[in-house]
Amino acid sequence: MQAELVKKIREKSARITVVGLGRVGLPIAVFFANSGYHVVGVDNNKDIVEALSKPRFSSKEPGIQELARQMVKIGRLEATTEVAKAVKSTNIVIICVQTPLNKSADPDLSYLKKACATVAKSLSKGKLVILESTVPPETTRKFVAPILEKESKLKCGEDFWLVHCPERIAPGRAIQELTENARIVGGFDTESAKIAAELLDKVTKGPVLVTDCTTAEVAKLAENTFRDVNIAYANELALICEHIGVDAVRAIKIANTHPRVNIHNPGCGVGGPCLTKDPYLLLHSMGKDFSSKIIASSRKLNDEMPEHAVHSLLKILKETDRDIKKLRIAVLGVAYKGQVDDATSSPAKSIVHKLMDLGASVEVYDPYCKETFGAKKASSVTSAVKGKDCVLIEADHDLFKNLNLGELKSVMRENPIIIDCRRIIDVAKAKKYGFVYAGTGYGSAEVR
Ligand code: SAJ
């Protein structure tokens, strides 16, 4: 049975079903189709299925649109809302559904539960199930496997195989990272791991690291938690440097020349669907009574950074005796980071809300994102900044990196202010043009 599936994987005659065509599932479906496998993408959102099936399918993720259209055209990629039908005629099922947090910051595994139960109903002997969704430790073994076994009446590791292969792709680089990144294969058992490693070896250039499913879950969460904690450290350094009067960005650059140091960038907070969630998934296994010393404090500090951005503006206003209620502010960027169209858990949300609550008039501009968080929306940088007192840069979109400060100054009101949350403005230039400047981690003490 195992040899038969491995043979199909090697010959690329194995058929793959991808359940969940979101931020992760869609690139994965397109990637496997482009790697030579027949793929059926399943989603219960009819609009997504219809859009993908159309010859003029569009996606902002680089490379996806062209590849998806091509794969659909040659019949190697199909989309449907019918899980049962897709799973019946498939050899491999890849589960990519969302695993969000609920209001009390606990994992909401209801989407995963439903997906597993539906897949299980059509599961038959000899299939491989791959869980890509990011999950709390022990979910594959104690949550997914029992649901699959119960509904299918089959035995995991004997009748069908199960692995956790956590996704590790950054938005904007999905296809490149699926092709090149190292992949983790966490097996429910050794045989499951071996089969899944055969599949990933066939499609990725990066190394395939084989381990057990619980280690794979922890490794995935450890990656994003490391990044969140590292950014929190950079943010705390920024607060310290602002107090002392030195430039944190310059200090970090120098510190990072040490061969074993890699401090991330300070900013106005951490957003996105992953770093804001995964540390909680990791902590979940410890229960409510566990008092985290590092991970929870890092989350808290990162969550407080939007407030710090607003505070930097209030400090300037106090020093120059100006009233926030009379202030017109342009917020550049609502996305959670540069070059993406996603505003999930973006620091922009609390920045815009706080500024409006304080009585300021706020207009936002983002070349990628439709979201406004209740503010007015401008159609270009120029129209956003025209007649404003302050420009606050929330996202490090490339478009904002080379702003023409002379032009900005000429269309803004008197004594204009720049709040550079992402440190993308040349401070000397800003001062030369007469802006009052504040940036995360920027200390204005002169170098002697
Ligand atoms: N940020 C900083 N300073 C930095 C880097 C990022 O403030 O030095 C902020 C960003 O502006 C953003 C947030 O952190 O608001 C998250 O951005 P990110 O680029 O760190 O992460 P994501 O959420 O886009 O993608 C992460 C990636 N994980 C790692 O790099 C370890 C990606 O590879 C994962 O696949 C993804 O999470 C995921 O899906 O888990």
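**Entry 1: loop residues with positive phi**

I looked up aspartate 321 and found it exposed, with a relative accessible area of 71% (exposed is over 50%, buried under 20%, partly exposed in between, using a 1.4 Å probe and protein chains only). Before going on I noted that this is a predicted model, in which local features need pLDDT of at least 70 and side-chain atom pairs count only at pLDDT 80 or more, while totals for chains, interfaces and linings use all residues. I also noted that residues are numbered from 1 along each chain as its sequence is written, and that side-chain values use heavy atoms, with hydrogens and water left out.

Aspartate 321 sits in the loop between α13 (295-319) and β9 (328-332); I take helices (H or I, at least four residues) and strands (E, at least two) as DSSP runs numbered from the N terminus. Its phi is near 55 degrees, a positive value in a residue other than glycine. Most residues other than glycine have a negative phi.

I then turned to asparagine 415, which is not a glycine either and has a positive phi of about 50 degrees. I placed asparagine 415 in the loop between α16 (405-411) and β13, and I recorded it as partly exposed because its relative accessible area is 49%.

**Entry 2: a buried serine**

Is serine 122 buried or exposed? I found that serine 122 counts as buried, at 6% relative accessibility. This serine belongs to the loop between α6 (110-121) and β5, and its side chain reaches the backbone oxygen of alanine 84 at 3.5 Å. I counted this as a polar contact, meaning a pair of N or O atoms within 3.5 Å; within protein, one must be able to donate a hydrogen and the other to accept it, and residues adjacent in sequence count only if both atoms are side-chain atoms.

**Entry 3: strands**

I followed β5 (residues 128-131) to its parallel neighbour β6, to which 4 bridges join it, and I saw isoleucine 130 standing opposite valine 163 in β6. In β6 (residues 161-164), Trp161 and Val163 point one way, Leu162 and His164 the other way, and all are buried.

Elsewhere I traced an open sheet of 6 strands with parallel pairing, in the order β11-β10-β9-β12-β13-β14 (two strands pair if DSSP finds at least two bridges between them). Because β11 (376-377) and β14 (436-439) stand at the edges with a single partner strand each, one side of each is left without a neighbour in the sheet. Within this sheet I checked β12 (residues 390-393) and β13 (residues 417-420), which run parallel and are joined by 4 bridges; valine 391 has isoleucine 418 in β13 as its bridge partner.

**Entry 4: the ligand**

I listed 21 residues around the ligand, the closest being Glu167, Lys220, Asn224, Arg227 and Tyr336 (a residue is near if one of its heavy atoms lies within 4 Å). The shell draws at least three residues from each of domain 1 (2-206) and domain 2 (213-448), with bounds that come from an automatic or database domain assignment. Helix α10 (residues 213-244) gives the most, with 5 residues.
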